[in-house]
Amino acid sequence: MNETELTRTNAVPPTAADAAALERTWRDPPGLLGWFCAINHKAIGQRYIVSTFVFFVAAGALALLMRIQLARPNHGLIGPDLYNQLFTVHGTTMMFLFAVPVMQAVAIWLLPPMLGARSIAFPRLNAYAYWIYLFGALMLFVALLLNVGPDNGWFSYVPLAGPDYGPGKRADIWAQMITFSEMSGLVSAVVLIVTILKLRAPGMTLNRMPLFAWAMLVTSLMVMFAMPSVMLASTALIMDRLVGTHFYNPAEGGDVLLWQHLFWFFGHPEVYFIFVPALGFMSHIIATFSRRPVFGYTAMVLALVATGFMSFGLWVHHMFATNLPEVGKAFFTAMSLAIALPSALQIFCWLATLATGKLWLRTPLLFVLAFFFVLVLGGLSGVMLGMVPLDLQVHDTYFVVAHLHYVLIGGAVFPLFGAIYYWFPKITGRMMSESLGRWNFWLFFVGFNLTFFPMHLLGLHGMPRRVYTYPPGMGWEGMNLLATAGAFTIAASALLFVANVWRSARHGEVAGANPWNAGTLEWATASPPPAANFDAPPVVHGREPLWQASEEPVQVAGLAINQREVLVTTVVEARPDHRVIFPTPSPWPFVAAVATTVLFIASIFTPWAVVWGSIPLVIVLIAWFWPTREQSRQEMLLERSP
Amino acid sequence: MTMPLSRSPAGPASRDDAEWQLQRSQADVVAAGAALDVSALPSFGFSHRSLMWWGTAGMMGIEGSVFALAAVMLLYLRMHAPVWPLSTLPPALMWGTLNTVVMLTSAVPNHWTKKSAEKLDLRRTRLGMLACLVWAAAFLVIRWMEFENLHCRWDDDAYGSIVWLLMGLHTVHLLTDFGDSFVLAALLFQKPLPARRFVDVSESAVYWYFVVLAWVPIYGLVYLLPQPWQAG
């Protein structure tokens with residue numbers, strides 16, 4: 001290879017030969033070994049999305065088991081010990097291993113093409129975050145199968161989870177699962193922030209950035225400041241259990257409420273890590289299927305940012321039943337009501353968009369319309385729970401279970417399903433079946449309300465949550481049976497979804513680049529996109545580039561095509577700033593994740609694992625970051641000083 | 001692919017597009033008809049221009065949150081405690097104070113290294129990195145003495161637990177910063193040496209400042225707060 005060959009750049013317009021060269025440069029290596037070396041954000045994103053859905057189905061199966069147990073009074077199918085593990089692993093999985101990571105996973109796949117970028121920032125680190133997530137999630141389910149599944153509820157309160165009341169390794173498994181999933185989530189957050197701020201196409205100023213990117217920027221910043229709280233809390237918990245510290249031990253000056261403060265300082269923003277990305281999905285789907293840009297872009301962005309800030313001022317409303325000062329509680333009641341305002345603002349902007357647009361009623365829009373119904377109900381019960389007197393009455397009852405499922409499923413899972421139907425053609429190149437999609441939607445919508453609406457009433461009638469059975473004659477039988485019937489309807493709907501994905505990925509109608517005639521950049525490239533996302537990186541002139549008349553310049557030229565060269569732009573204005581070479585596929589992220597897993601899991605059994613476990617990890621990390629001579633030489637061929 | 005719209009998009013008009021190309025200070029980007037030629041752009045940039053700077057800023061944001069929350073934990077536990085320390089003696093001031101002074105003086109070689117890297121001066125950058133390593137080794141040795149003179153164990157009571165947690169967290173940062181600087185210094189002796197390595201040195205210096213500055217409030221919480229004169 002001579003020097004001119006090494007610095008060959010892309011042509012205007014891109015030629016087929018250039019596209020083929022780019023593909024060779026950017027694709028992941030083939031074969032089984034290559035599979036472990038993959039770092040392309042689409043490969044990692046797709047694995048990540050599939051993994052989160054596998055755990056979604058697994059946690060759903062656990063819920064189904066619980067519903068079968070509760071279908072009639074004094075049912076003897078599942079004993080209390082297993083039941084405790086079931087609801088703990090169900091909640092833990094849904095929150096930590098499905099809802100939060102699935103949003104990051106979709107963003108990892110989607111943001112680079114949506115922003116006009118060749119790659120995600122730090123692709124190797126991104127692969128590492130995925131493997132860490134996967135190993136942590138597998139650990140939890142292996143523990144459940146071995147009958148050491150955590151059993152203290154998804155928020156693992158002390159003293160129940162502490163050394164005195166939680167013998168065995170169950171609470172340690174939970175605490176270490178937190179370490180895995182939060183570490184992965186934090187790394188992904190940094191990767192996404194840098195991608196959003198520095199890798200946007202030239203011309204895509206912050207003021208033109210798609211709303212999903214805004215939503216992920218806000219979410220990722222929230223993750224950065226909230227997730228450390230639960231990591232610190234669970235580290236203190238595992239240390240109390242393993243090395244005899246006294247953070248939560250009142251006898252030695254510790255405090256049990258400290259756990260609740262730290263957990264919910266993370267836990268309430270966490271609800272918004274799930275909800276805010278879904279708001280981004282909503283904006284895209286509503287714009288496309290109303291055939292017009294979303295009404296009130298600036299208000300939408302400000303509402304997202306406001307939601308992000310306010311979500312940090314709500315945590316005590318999970319602690320209204322504790323002995324905190326009443327004045328303090330009043331503040332948190334006020335904040336809990338106030339956060340409805342930015343959400344309402346967005347809802348009104350969407351309604352204005354829908355009302356003035358030309359509606360095209362396809363499956364993605366159905367899921368989005370259901371959001372309005374379900375989330376508003378969940379929001380209303382939330383306003384009720386925000387009031388201290390009512391909260392005290394229904395605390396720890398099925399009313400809370402109903403509320404949280406209305407908010408989380410209505411606010412996040414409905415839009416997420418809509419998003420999968422919407423972006424599936426981009427990911428696979430094929431459309432999902434519309435008729436199966438409608439069945440999927442209606443079964444889910446009906447099943448969801450059948451399952452969870454009666455739980456409001458069960459809660460008001462005094463049925464506590466987290467009981468494995470109940471005596472007859474309480475007046476709870478009928479509604480429990482109805483909820484179980486609803487759960488089976490949801491299961492049928494989920495099966496249809498899986499069948500639809502499976503069938504459509506193979507035999508679905510070929511989609512083409514832009515099957516919905518949408519306006520954002522990801523639809524400008526082929527479906528599925530080439531390894532480098534675009535044959536020529538685009539230049540952006542407005543918010544909905546594909547809905548505007550073409551303007552010059554249309555593309556970037558002068559980037560190497562046989563090197564992984566990427567254009568870095570400025571944060572606010574997205575002006576071209578410099579070119580940088582991105583890393584090549586590597587097995588080290590996978591190996592580093594294995595070394596990290598050994599350290600984390602071994603430290604459940606001996607604290608010394610933190611010492612000896614870090615030795616292989618350090619060696620692997622050095623190997624990961626050590627550049628080869630050839631890499632340095634090639635990089636220098638393209639070098640130019642500022 | 002372009003779709004005619006009945007309503008004009010809500011986005012701003014693209015009047016300023018031509019402007020932003022012309023206004024670019026470096027004037028390195030050439031708009032040649034359909035394409036924006038970026039081949040003349042530099043291949044690296046310091047400070048907030050670089051991806052690494054933003055990645056490091058993200059790490060500092062996360063770790064800063066961890067430090068801040070651990071500090072709040074300490075203040076929370078102290079708020080509920082009748083006396084502080086609960087049952088042990090306060091730490092000896094000498095080693096912690098000495099380390100604070102050593103850490104603050106490390107700003108000198110750190111700053112010098114950063115400036116040398118930004119001037120792409122290899123000889124000075126290498127020297128600076130080696131000097132920084134000497135300082136980092138000094139922190140670690142003195143840190144060992146600090147642990148010896150805390151006068152409490154992590155399992156004595158909640159005071160001991162939170163003091164060891166804060167000290168442990170910070171020591172992990174000293175260790176990783178030492179390791180990171182060591183690897184970077186070694187890479188500076190590798191050939192060929194891409195200029196991007198200077199950016200890495202510059203970012204590493206920013207992280208160093210962070211580790212040193214994070215220490216100052218921890219010093220106050222661990223060493224000054226439990227002293228007898230604070231009790232009144």
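Author: What follows begins with the contact between the chains and then turns to each chain and to some single residues. This is a predicted model, in which local features need pLDDT of at least 70 and side-chain atom pairs count only at pLDDT 80 or more, while totals for chains, interfaces and linings use all residues. Residues are numbered from 1 along each chain as its sequence is written, and chains are lettered from A and ligands numbered from 1 in the order in which they are written.

The contact takes 79 residues from chain A and 59 residues from chain B, where two residues are in contact if their C-beta atoms, placed from the backbone, lie within 7 Å. On the side of chain A that touches chain B, the elements giving two or more residues include helix H7 (170–198), helix H8 (211–242), strand S1 (555–557) and helix H20 (614–625) of chain A; helices (H or I, at least four residues) and strands (E, at least two) are DSSP runs, numbered from the N terminus. By residue type, this side of chain A divides into 41 nonpolar, 21 polar and 17 charged residues, with Ala, Val, Leu, Ile, Met, Phe, Trp, Tyr, Cys and Pro counted as nonpolar, Asp, Glu, Lys and Arg as charged, and the others, Gly among them, as polar.

One part of the contact is made by strands. S1(A) is joined by three bridges to strand S2 (residues 35–37) of chain B, and the two run parallel; strands pair if DSSP finds at least two bridges between them. Within this pairing, Ala557(A) has Asp37(B) in S2(B) as its bridge partner.

Another part involves Val183(B), a residue of helix H6 (residues 158–187) of chain B. When residues up to four places away in sequence are not counted, Val183(B) touches Ile622(A) and Phe625(A). Val183(B) counts as partly exposed because it has 16 C-beta neighbours inside 10 Å: a residue is buried if 20 or more other C-beta atoms lie within 10 Å of its own, exposed if 12 or fewer, and partly exposed in between, with C-beta atoms placed from the backbone.

Each chain can now be taken in turn. Chain A has 21 helices and three strands, and its C-alpha atoms fill a box of roughly 80 × 60 × 50 Å along the principal axes. Of the 642 residues of chain A, 59% count as buried.

Chain B has seven helices and two strands, and along the sequence they follow the pattern α-β-β-α-α-α-α-α-α. Of its 232 residues, 38% count as buried. Chain B is divided into domain 1 (14–43) and domain 2 (47–230), bounds that come from an automatic or database domain assignment, and the C-alpha centres of these two domains lie 42 Å apart.

The largest nonpolar core has 269 residues, among which Leu111(A), Leu115(A), Val191(A) and Ala213(A) touch the most other members. This core draws at least three residues from each of domain 1 (14–43) and domain 2 (47–230) of chain B; a nonpolar core is a set of buried Ala, Val, Leu, Ile, Met, Phe, Trp, Tyr and Cys residues joined through C-beta atoms within 7 Å. Leaving aside neighbours within four places in sequence, Ala213(A) is in contact with Leu111(A), Met114(A), Leu115(A) and Ile196(A).

Some details of the backbone remain. Most residues other than glycine have a negative phi, and most peptide bonds are trans. The peptide bond from Val158(A) to Pro159(A) is cis, with omega near 5°, and Pro159(A) has its place in the loop between helix H6 (123–145) and H7 of chain A. In chain B, the peptide bond from Trp84(B) to Pro85(B) is cis, also with omega near 5°, and Pro85(B) lies in the loop between helix H2 (51–79) and helix H3 (93–105) of chain B. Ser47(B), which is not a glycine, has a positive phi of about 55°, and it is found in the loop between S2 and H2 of chain B. Ser47(B) counts as exposed because it has 11 other C-beta atoms within 10 Å.
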